[in-house]
Amino acid sequence: MMTALLADLRFAFRGLRRSPGFTTLALLTLAIGIGVNTAVFSVLERVVLRPLPFEAADRLFVIRETSRRQDRMGVSGPDFDDFYAQARSFDALAATVPYFTLTWTGDGEARTVKCAGVTKDVFPALGLRPFMGRLYTPEEYHVDGVQVVISQRFWKTQLASDPNVIGRVLHLDGTAQTIVGVMPDVPDLFPDVDIWAKIVPELEFMRWRQNHFLTVIGRLKATASPAQAAQELTAILRRAGPESRELTATVTPLKDELVGAVRTQLMIVMGAVVLVLITGCMNVTCLLLARMSARASELAIRVNLGAGRVRLLRQFVTENLLLLCLGSGLGLILAGTLVQLGARLDLGALPRAQSIGINGPMLAFTAVIALVLTVALAWAPTSILDRLDLNSALKSGKSLAGRRQSYRVLVVSEVCCAAVLLVAAGLLVRSFWLVQHVEPGFQIDHLLTAYVRTNAYTGTGAYFNLLLDRLSETPGVQGAAVSGCVPAARSSTATVTYRDRVNDPANPVTVEACFISPGFFTTLRTPLQRGRFFTVHDDRHAPAVLMVNQAFAQAYWPGEDPLGKQLAVSVLGIGRRMLGTIGFRNVVGVVGNVKQEPLDVPSSPVVYLSFHQDESNHVYAGLNLFVRTTADPRRASAIVRDRIHSVNPDQPIEDMRTMDEVLGATLARRRLSLVLMGSFAGLALMLCAIGVYGTIAYSLSQRTREFGIRSAVGAARGDLVKMVMREGLWLSGVGVILGLGFSLLLGRAMSGLLFGITATDPWTFVAAAATLMSVAAAACFTPAWKGLSVDPALAMRAE
Amino acid sequence: MIQLTNLDKSVSQGNGRLFILRQVTVDIARGEFISIMGPSGAGKSTLLAVLGMLDGDWTGEYRFLDQAVHALKPKQRIALNKQHIGFVFQQYHLLDDLTVAENLDVPLSYRDIKKGERQSLVADTLDRFGIVAKKDLFPRQLSGGQQQLVAVARAVIHKPALILADEPTGNLHSSQGKEIMELFTELNRAGTTIVQVTHSETNAAYGNRIVQLQDGWVVK
């Protein structure tokens, strides 16, 4: 048996070497199909399928609060305390603040370190133990600072993997803190943490019930259901203070919270590569059929020498298996390369993307694909054996007459797959184009932005004034401003109360809100539509003023003059609390719509407030800086940095980027989808073209006699070319119609990825159909023109 | 009708050329029934292909209905073929995927004839050859004789002035062969010029002249 298998393998290897054209084309097709599938699967497996690396990960849930005016907020400190004390559905409850920053000084230039705040139950709930040293003790959780636990990443990259790091002192935000432990990295949940800071329950902001800033993670008891837990937590909120009575608690699996947003996106991409694989598989089937058909006389001789059907099938399956093993090897190399390339591109935009690479599941997936394809491709030899006419094959020594029905099915299927992918890619391309052409409401070029954090609520108003003055005087700087928001990337929400109408306290109006300095709109070059911009005189001593954008004016005062109207604005957000009654502000200006949300989100009403008129002074803790430069803003970054440090040498500067980069980052996931789907659609189109070309060429070679007869009875070459083209285009047309039909059915799944168009966008469908028909026409014409140059007399005589 | 003068046909072989037809000079008048005979490899079928303008790679002179075929471009030759010539082959060469009626329609479809007229011509031909009952059958459902009958019907459906037949009875038994030869005689009486390639003295006897070929030369 073993000897026979080895003989089969040897023969298969010889056979492949004897047909280098077939072998190269089949291997390339298989490598592309298997490679892209393996690469995408490795991303899907790592990001979506792999369980979270925590104890009892399937019982970890995120708790959020929802009010009538805001969906899925965090949990406030007092609400968390209530949950912690009263909830019986959880084995463990822990709170985190996933991201904030501190300034690290005393070791060269001041640096910003990324922190995550944790309560004492976070690490036990996740089942994580220190890599070095220890965790905070329960007592230490009641004292801010003093001790610090750092991340393994920080230990390696910033402290040179110092083996004596325990006991070393870090100066964070001006306080000396002793390192007591190093925690292993938790990339799935906290990808970029340097410092694990304590959340001290006694801190003032932990007592504000309106400050919903905590992300709460709970491990559900085995006997409890998420619905029961949500019900219990909501009941606890009902019993709490008046601010929490209208809230509802929601309980979401931790994994859904992390990857829910990209699951559909990745599933669609996986579907796309499966279609690429199917298309490639059909190409290989065509090639195999052609090759098998050409070997009819060989088959006949083998049968006459006593080979049974099973024996012949084994020989061909061995050949397929060898082909697939080689194809899988090349596919794995391609997959590894693609994953590496992806890591350099936009894969970082995905959650849990840190350790995507060649791994066990990836290899297993490739092996499964290879096995499935071996079985699928066994159809080709079986089909040939079923219709082997020994007599004619032996007599003529020629190929078998092809069963044209099979080829028709293959062409239709290939075109159908390519149509589905082309429509999907077309929809994404059109969405991306539309997003990129959204008017942002300001001039994007020559604009530099950075985050300037002070962590101080008092005395920093004058600091920012001085900073802006220094920057404005800098050569090459046309304007400078600060704001609490970054257009298209970051903004706060606020509730507004009108002076001129009855307000419903149960359903307050929620809008976007942004504190800005006087030069904000002139720096961004946003046009004033009515009234005036803020001036330096709009400070805490002046009457409170505000500006609204055009969308606000149209939504809430249609046909009225907004100037002189009055609004009270309560700005929400992490670390903010309402301080008594909020006063009314006069509307002094209306500006054009500046995109506060990402470009692919419609413009919404926005109120702008003078940054010197924040009642809580919270805005001074950190502001975004905008600098308009005359030259390339990247080149100006060093001088801007110098200017800031000339005011405060220890001022950390975070996220210094051009506005182009900011906007580009907001489209990262959309771009990733586009690049992936576009590439796969291109591949499918190429495979489809090769498939149609090969099928038509093969079909023509099988019909030489027919064309000879047609020529003899009067057909000119043009007539025959037209006939072949008509047949090819008819089959392609059926494929296109089927593909567009499937696209209509599957389009709904893509709706979430689209912008400005629906999943049934007629232009995209028409463009996809036109592209495919053009490619099909070219793929039909070339073999038809070449193949039909046959001498009819010879063709018939050959018979 | 046909004047061949010093016609040579050769193919390259190694460093030299292999001659298939040499200095062929033949005149065929309108209304003749000619049989081309000779041993295998004599060049009979090649001569038929040249006469039918399926093969244009030769030297010498060929005049057909007073037109100098040797001076015509390939498209013009095809046009001449379409208008005046019909073919019958030993292997019938019917199209397997088409019915009898559809096979008869094929030559008409290449001749800019309107569909209505084509249908009427097909119906007339089916009736004339007595194969109306077979019109929806595929070639594989017919006997050899019936297939050749359809092939002859297809050759004459566009009323050609010349029928070229390459061993038309080679695959038929004697009674079927006789029927086909009688059909040719009938067509010839009606004015159609016929040139057939045959090995059979009996079939050659149906014609009024024999052209004998040997090693590419006309020997008689």
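How many residues does helix α4 of chain B have, and how far does α4(B) reach from its first C-alpha to its last? The legends below refer to a predicted model.

**View 1. Helix α4 of chain B, end to end.** The helix runs over residues 115–128. It has 14 residues. From first C-alpha to last it reaches 20 Å, close to the 20 Å expected at 1.5 Å a residue. Just after α4(B), Gly130(B) adopts a positive phi of about 70°.

**View 2. The buried side of α4(B).** Val122(B), Thr125(B) and Leu126(B) are the buried residues of this helix. They sit on the same side of α4(B) because they cover an arc of only 100° around the axis. Their cover includes α3 (100–109) and α5 (144–156) of chain B.

**View 3. The face of α4(B) turned away from its buried side.** Exposed residues are found here. They are Gly116(B), Glu117(B), Ser120(B), Asp124(B), Asp127(B) and Arg128(B).

**View 4. Where chain A touches chain B.** On chain A, 15 residues are in contact with 17 residues of chain B. Helices α20 (704–712) and α23 (792–798) of chain A each supply at least two residues of the chain A side. α20(A) gives the most, with 5 residues. By class, the chain A side divides into 8 nonpolar, 2 polar and 5 charged residues.

**View 5. The fold of chain A.** Chain A contains 23 helices and 21 strands. Of its 799 residues, 44% count as buried. Among contacts in chain A with a separation of 6 or more, 84% link residues 24 or more positions apart.

Methods: Residues are numbered from 1 along each chain as its sequence is written. Chains are lettered from A and ligands numbered from 1 in the order in which they are written. This is a predicted model: local features need pLDDT of at least 70, side-chain atom pairs count only at pLDDT 80 or more; totals for chains, interfaces and linings use all residues. Two residues are in contact if their C-beta atoms, placed from the backbone, lie within 7 Å. Helices (H or I, at least four residues) and strands (E, at least two) are DSSP runs, numbered from the N terminus. Ala, Val, Leu, Ile, Met, Phe, Trp, Tyr, Cys and Pro count as nonpolar, Asp, Glu, Lys and Arg as charged, and the others, Gly among them, as polar. A residue is buried if 20 or more other C-beta atoms lie within 10 Å of its own, exposed if 12 or fewer, and partly exposed in between; C-beta atoms are placed from the backbone. The expected span of a helix is 1.5 Å times one less than its number of residues. The arc is that of the directions from the helix axis to the C-beta atoms.
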